[in-house]
Amino acid sequence: MADTMHGLKRTCYCGEVALGQGEVVVGGFVQRVRDKGSLIFIDLRDKTGIVQLVFDENTKKSVFEKAETVRSEYVLMAKGSVRARESVNTEIKTGGVEIMVRELCILSKAQTPPFEIVSDSKTNEELRLKYRYLDLRREPLQRNLTMRHEIAKCAREYFYENGFIEIETPMMIKSTPEGARDYIVPSRIHNGKFYALPQSPQIYKQLLMIAGMDRYIQLARCFRDEDLRADRQPEFTQIDLEMSFVDVEDILEMLEGFVKRLYKQVLNVDIATPLPRLTYAEAMNRFGSDKPDTRFGMEITDISDIVKNCGFGVFTDAVANGGSVRGIVAKGAAAALSRKEIDKQTEFVRGIGAKGLAYVRWAEDAPNCSFGKFMAEGELEAILKALGCEKGDVALIVADKNKVVLPVLGALRLKLAKQLDIIPDGWNFLWITEFPFFEYDEESGEWLAMHHPFTMPMDECLEYLESDKEKVRAKAYDLVLNGVELSSGSIRITDYELQQRMFELLGLTKEEIDAKFGFLVDAYRYGAPPHGGAGIGLDRLSMLMCGCDSLRDVTAFPKVQNASEPMSEAPSVVSQEQLEELGIAIVKTDK
């Protein structure tokens, strides 16, 4: 039978024990026991660190005997005197002290855990997620969740100080198109009808601006039923905000202030503001991505004008058909990128939509060029000069429609940088602005909204809404950090007539508008201040600030690739009675 606390009250955390404290009471989990016969050492762990407990020939016999029974992960409380440690452990912050124990309580015994609770666990993630409550005892995850808390705390403090008020929005809402698949919740009372879990609080925060709340903030839970990956979970948290009587500059300035404050407060890192900006078009042309990693170069160069009349049909045809020929240069990579390695890169780009990959590998005195035999005198030299390709470099070139060339080179650029290990440490924030309002869908032959239908077009683009949709840019902006999209936002349409016009341009009928957005559209009839906002991904921000590769490392109880949770085995079946109450019948599918 376990002990009670016998009136013991913790006086300090394990990781905070220091000389000069005299007698202390600590509590925690047993990390390790070293029984040397007449001398026992127990490493006791809590969220702040580890401290060594000591039992020797001077220890009361009953206490010593109890210490002999202690095993890994037992929960203890110990009372004793702090003294200097003979053999200092420089690996831990309490490595210079130990506690000579006078009283010991075994509060909870533990079975042998399925894996050792150590920082650098080699246990596979599947097993650790099944026993997530044990995995969370490990120092890296404790540190990550603590930092996530510090980030959330800083966000609240910053936005509170800037006049925002925190308002909760509903978790069960009407299903509206947000870009991903909804999670739906059946209604028992309204049989045959369903709520949706919010993909974001978008409509509600706009209604709060119409309601005159002026500045709203919420750490909002959001839900999207979509395929998972390392930086995506079906449920996530965003620092959601909205501001009235503002334009783009006001919102960017507010968010830059938050970034500066956050990094200084949590990591003691100074972020220079204002943050750099690129338009969407500039980002795509230079980096082949709307969320570029700017910590390294290898920028894309357009050589279409140089090759449009050359003897290589792949290049000339691409330009003649309205596309382009562009390339990147891996500086000093000729040794690392052998011909065999370049073949692997060719297979990679073919796998993501390119027809092939032209190259120049300049390892020897003369460059080795995959298309050299088609070049007239001086043409290859002109290409190399335009690309900035020199001896020791490798140039990789793609020719096709821009919608193929740019993202393919963007992906190849990132892949090569990781492979060549040329990405330096750092925090490269970047604003991407002036996103296209519409994107052309070749399958349907229609122009679709790139953002939600409440996004405001730029003022100078309004005249092109019907006549030239390709020219229409949005008052939309993304915050990117080291190639990861952290935040997305926009200025919203507040003019009732313009909103109706946008719905019509997106092919929505009056019935569809009323069914999906009727309550918001009606609200605009009663006056709406100019407003805009953004949502900052708390999970992604935490992942990057903690130096992690996966959202699972900063989420207490994450889902895995198939959206299940191994520990609780969610999702699970429900009883037939529950289904009948809801008027639901399960239809088996082949999936």
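This is a predicted model: local features need pLDDT of at least 70, side-chain atom pairs count only at pLDDT 80 or more; totals for chains, interfaces and linings use all residues.

How many helices and strands does the secondary structure of the chain come to? The chain has 16 helices and 22 strands, where helices (H or I, at least four residues) and strands (E, at least two) are DSSP runs, numbered from the N terminus. Residues are numbered from 1 along each chain as its sequence is written, and side-chain values use heavy atoms, with hydrogens and water left out.

Along its principal axes, the C-alpha trace spans about 95 × 75 × 55 Å. The chain has 591 residues, and 47% of them are buried; here buried means under 20% relative accessible area, exposed means over 50%, and partly exposed is in between, with a 1.4 Å probe and protein chains only.

Let me turn to the charged side chains. Side chains of opposite charge can pair when their charged atoms come close. A salt bridge is counted when a side-chain nitrogen of Lys or Arg is within 4 Å of a carboxyl oxygen of Asp or Glu, and the structure holds 46 of them. One of these joins Glu23 to Arg102, with the closest N and O atoms 2.7 Å apart. Because Glu23 lies in strand β1 (residues 23-35) and Arg102 in strand β5 (residues 97-108), this pair ties together parts that are 79 residues apart in sequence. Glu23 is partly exposed at 39% relative accessibility, and Arg102 is partly exposed as well, at 43%. Both belong to a network of salt bridges that links Glu23, Lys79, Arg102 and Glu103.

Glu235 is partly exposed at 25%, and so is Arg221, at 31%.

Next come the spaces in the model. On a 1 Å grid over the protein atoms alone, a cavity is a set of points where a 1.4 Å probe fits but cannot get out, whereas a pocket is an open set with protein on both sides within 12 Å along at least five of seven lines, and lining residues have an atom within 4 Å of a point. By this rule there are five cavities of 30 Å³ or more, and the largest cavity holds about 60 Å³ of space. Its lining has 10 residues, and those nearest its centre are Ile173, Thr176, Ser200, Ile203 and Tyr204. Helix α5 (residues 202-210) gives the most to this lining, with three residues.

The second largest pocket holds about 1,300 Å³ of space. Of the 30 residues that line this pocket, the closest to its centre are Tyr183, Ile184, Pro571, Ser572 and Ile586. Helix α16 gives the most to the lining, with four residues.

Finally, I would like to look at the backbone. Most residues other than glycine have a negative phi, and most peptide bonds are trans. Another cis peptide bond joins Thr273 and Pro274, with omega about 0 degrees, and Pro274 lies in the loop between α6 (248-267) and β11 (277-279).

Which value does phi take in Asn268? Phi of Asn268 is near 55 degrees, a positive value in a residue other than glycine; Asn268 sits in the loop between α6 and β11 and is exposed at 54%. Phe245, also not a glycine, has a positive phi of about 55 degrees, lies in the loop between β10 and α6, and is exposed at 60%.

Definitions and conventions
Grid points are joined across faces, edges and corners, and a volume is the space filled by probe spheres set on the points.
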